[in-house]
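I set out to record what can be looked up in this structure, entry by entry. The sequence and coordinates are placed below for reference.

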Amino acid sequence: MEQKLSLNKKRTTKQWIQYSVIAAAIIALYLWTFIGIDIRWSRVFSERSIDNFGRVIPQLFSPDWSAFGKVMALMWQTLQMAYTGTLLAAILAIPFGFFAASNMVKSKALNTFSKWALDAIRAFPELVLALMFVAAIGPAPFAGVLAIAIGSIGMLGKLYCEVIESIDMNVVEALEANGANKLQVLFYGIIPQIIPEFLSYAIYRFEIDVRASTILGIIGAGGIGTLITIATQNRNWDEVGMILLVIVVVVTIIDTLSAMIRKRIV
Amino acid sequence: MMNNSLKVELYSKKAKRQMSLILIAIIGIYIYTSIATESSLFDFIDGWSGFERVAKDLFPPNWSYAPQVWEYLAETIQMAIIATTFAAICSVPIFLLSAANLFPNKWIHQPVRFMMNVLRTIPDILLAVIFVGIFGVGVFPGIMALFIFSLGILAKLMYETIESIDLNPLEAIRASGGNTLQVIWYAVLPQVLPQFVSFGLYVFEVNVRASVVLGFVGAGGIGLLLQQQVSFFNYPRVMTIIIIIFIAVVIIDYISNKIRERLV
């Protein structure tokens, strides 16, 4: 007797209905997407695009070394912006982390509110924040620093909160039982437990912020992005190639260094 | 009973000195960078009137403008859906090739990984700038930029997942004479499928956020409107756009998180 083994389990009617509803929703979503999207294919694959392709790509891969000094100077500014912004965020996120942690602040309302605020910050792309800061104080690196500082609070605050909620509370209780006051509990019971992870997350965020600050200049918020706009407007694609090369190399170095330091800390 | 109040220090002298040095270095570098980028507290006080002006102008948002925003919001989301879908499909061969437990040959998985690592360091908006330069203004360069960027993220997340799977089913199929394709189809894919869908949704979230700003460089989506209205100083309209972006991102994140929680 031949019996075919099937990997699929028998499905109940309820499951079938569930699957059909999900499938219908996905199909509807894709129909909406592909009917709604307006790609002008005639323009995408026009004579001009093919011409551009042949001109732009080779130039990107032959970087203009005469621009190296200029590019490095602005990359240096980018790193400075990322450092300033990340450090500000690393400090500003601490109160958020404590208020959001349910084992530190025994107020459900305050916990929820802080968590909600952190989620709200994370919903904004940094570039949108930067655009608003440029509108407020004009095109300057400071606008970028502020965008990085505010934008990073969301992620760091959330991670800090998780670290604080996972600490060993026995130490805290032991200190309290021995008559330590709030400040002593903080300095001897809580801070030693959280410092390594806080530092590690702040360094990790610095990696992300270096990447983020490379593009802030596109809307005038300082750093190497400023050069990207100028070079593309002048169609200096070999200079864009140089910028790309510098970004790829510097970001890779920062990532490697940061991973090494983080491995030592935690 | 003279010396019983012996004080025990929590940290050794050496550790204390080391920590103070690191702290001084961190603060020292901060002072330097904040002066170099003109971002100190004094600059903040100087710029205060600017913040106040913009913050006042942003309210109240102009809701009559909202209907015009929907169309661009839809375009933003559609771009993210298309880019994520194609990136998910195209990432399959890439992440399979970069998994060291499927292709132990160093000359296969190392070059593929290296290329993906390089791709991930290029910011998506910079890719968009290049594609706009080639294909002209429109949604296509935006989709291409998102596609390439997502490819890098998905490939990395997935090969790390594959390298942590249970190897016994693989060996069982190999031992009973299955070839590499059969091993992948029957032993690898069923194990990583939930993670694959989950990472796909995560990349979709990232892409929605990214496609919001692609319009700044002419690569389609809601960013175009945002930049236009900022340059016209029409702040009530800017606020409308910002609120709509905010609500859309929060809703998409929420739905995606709920699905991902159920999957993994």
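What percentage of the 266 residues in chain A do buried residues make up? I looked this up in what is a predicted model, and the share of buried residues in chain A came to 37%.

**Confidence.** I noted an ipTM of 0.83 and a pTM of 0.86 for the model. For chain B I found a mean pLDDT of 87, with 96% of the residues scoring at least 70.

**Overall form of chain A.** I counted eleven helices and zero strands in chain A. Chain A is more spread out than a compact globule, because its radius of gyration of 26 Å is well over the 18 Å that the globule rule gives for 266 residues. Along the principal axes, I found that its C-alpha atoms fill a box of roughly 80 × 75 × 40 Å. Taking contacts in chain A between residues at least 6 apart in sequence, I saw that 73% join residues at least 24 apart.

**Annotated region.** I consulted UniProt, where an unreviewed entry places the feature "domain: ABC transmembrane type-1" at residues 75-258 of chain A. Over that stretch I read 83% helix and 0% strand, with the end C-alpha atoms 18 Å apart.

**Nonpolar core.** I then turned to the largest nonpolar core, which has 133 residues; A:Ala130 and A:Ile243 touch the most other members. Helix α6 (residues 139-162) of chain B gives the most to this core, with 15 residues. Setting aside residues up to four places away in sequence, I listed the contacts of A:Ile243 as A:Val71, A:Ile224, A:Leu227, A:Ile228 and A:Ala231.

**A:Leu216.** I located A:Leu216 in helix α9 (residues 182-216) of chain A. Is A:Leu216 buried or exposed? I classed A:Leu216 as buried because it has 34 C-beta neighbours inside 10 Å. Beyond four places in sequence, its contacts include A:Leu127, A:Ala130, A:Gly144 and A:Ala147. I also noted that A:Thr78 lies 138 residues from A:Leu216 in sequence and 9.0 Å from it in space, C-alpha to C-alpha.

**Contact between the chains.** How many residues does the contact take from each of chain A and chain B? I found 49 residues from chain A and 45 residues from chain B. On the side of chain B that touches chain A, helix α5 (residues 124-135) of chain B supplies the largest share, seven residues. I sorted that side of chain B into 30 nonpolar, twelve polar and three charged residues.

Key:
Residues are numbered from 1 along each chain as its sequence is written. Chains are lettered from A and ligands numbered from 1 in the order in which they are written. This is a predicted model: local features need pLDDT of at least 70, side-chain atom pairs count only at pLDDT 80 or more; totals for chains, interfaces and linings use all residues. A nonpolar core is a set of buried Ala, Val, Leu, Ile, Met, Phe, Trp, Tyr and Cys residues joined through C-beta atoms within 7 Å. A residue is buried if 20 or more other C-beta atoms lie within 10 Å of its own, exposed if 12 or fewer, and partly exposed in between; C-beta atoms are placed from the backbone. Helices (H or I, at least four residues) and strands (E, at least two) are DSSP runs, numbered from the N terminus. Two residues are in contact if their C-beta atoms, placed from the backbone, lie within 7 Å. Ala, Val, Leu, Ile, Met, Phe, Trp, Tyr, Cys and Pro count as nonpolar, Asp, Glu, Lys and Arg as charged, and the others, Gly among them, as polar. UniProt positions are given in the numbering used here, feature names are shortened, and annotations may be inferred rather than shown by experiment. pLDDT is the predictor's confidence in each residue, from 0 to 100. The radius of gyration is taken over C-alpha atoms; the globule rule is 2.2 Å times the number of residues to the power 0.38.
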